[in-house]
Amino acid sequence: MAGGIRKSVLIPVAVFVLIGGVLLAVASSGGRDVAGEGYLDRPLPEFAQPPLIGDERGLAASDIRGEVALINVFASWCAVCLSEHPMLMRLAEEEEVALYGLNWRDRPGAGRRFLDRHGDPYVATGEDAAGRLGAQLAVTGVPETYLVDAEGRIRYRHVGALTERVWQEVLRPLIRDLERPS
């Protein structure tokens, strides 16, 4: 009987340790870049998202076409989004790239309160409370950022927080390449 008790305790502990290890590995990676075939050179879906509560303008696919832009998917409940936010504010102030926001699976009004409290780096922001546009974009969680070219094609997807390193080593060079006349 004692052996049975030990096994019944050890199995859940082992599962817990395994899950914890996987989560720690993902968290310590600082985000991962997802650049599989399903995400590259794919047209941005047609959409017209309603505005955040209190805003007059939402976000539509037509807003983004014609320029190289970033779409940042965020939520007020996301701790990593909060840690990423100063970087987004810096990009909005110092860099010449259009930054659009998509408030994903958030409570009504929470996205606007988040941006009012921490600053609004976005040219325009759309509400995606039900996650429908997120599903079309294949959002797996927040934050995620999509690089869209001037023709409206998704050229890159970053999962996790945008950091200075990701900006300098990945996104800025890609944006410069996309903006270069061919």
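**Exercise 1. Find the aromatic pairs and classify the one formed by F74 and Y122.**

Solution. 
- Searching the whole structure, a predicted model, gives two aromatic pairs.
- F74 and Y122 form an aromatic pair, with ring centres 5.3 Å apart. Centres within 6.5 Å count as a pair.
- Planes under 30 degrees apart count as stacked.

**Exercise 2. Work out which parts of the chain the F74 and Y122 pair ties together.**

Solution. 
- F74 lies in strand β5, residues 69-74.
- Y122 sits in the loop between α4 (110-118) and β7 (125-128).
- These parts are 48 residues apart in sequence, so the pair ties together separate stretches of the chain.
- The aromatic cluster also takes in F114: F74, F114 and Y122 form one cluster.

**Exercise 3. Decide whether F74 and Y122 are buried or exposed.**

Solution. 
- The cut-off for buried is under 20% relative accessible area.
- F74 has 1% relative accessibility, so F74 is buried.
- Y122 has 7% relative accessibility, so Y122 is buried too.

**Exercise 4. Describe the protein chain as a whole: its elements, burial, contacts and surface.**

Solution. 
- Elements: the protein chain has six helices and nine strands.
- Burial: of the 182 residues in the protein chain, 44% are buried.
- Residues 24 or more positions apart account for 74% of them.
- Surface: the protein chain exposes about 10000 Å². Carbon and sulfur atoms supply 59% of that area.

Technical notes:
Residues are numbered from 1 along each chain as its sequence is written. This is a predicted model: local features need pLDDT of at least 70, side-chain atom pairs count only at pLDDT 80 or more; totals for chains, interfaces and linings use all residues. Side-chain values use heavy atoms; hydrogens and water are left out. Rings of Phe, Tyr and Trp (its six-membered ring) pair if their centres lie within 6.5 Å; planes under 30 degrees apart count as stacked, over 60 as edge-to-face and the rest as tilted. Helices (H or I, at least four residues) and strands (E, at least two) are DSSP runs, numbered from the N terminus. Buried means under 20% relative accessible area, exposed over 50%, partly exposed in between (1.4 Å probe, protein chains only). Contact means heavy atoms within 4.5 Å. Accessible areas come from the Shrake-Rupley method with a 1.4 Å probe; for residues, only the protein chains shown count as cover.
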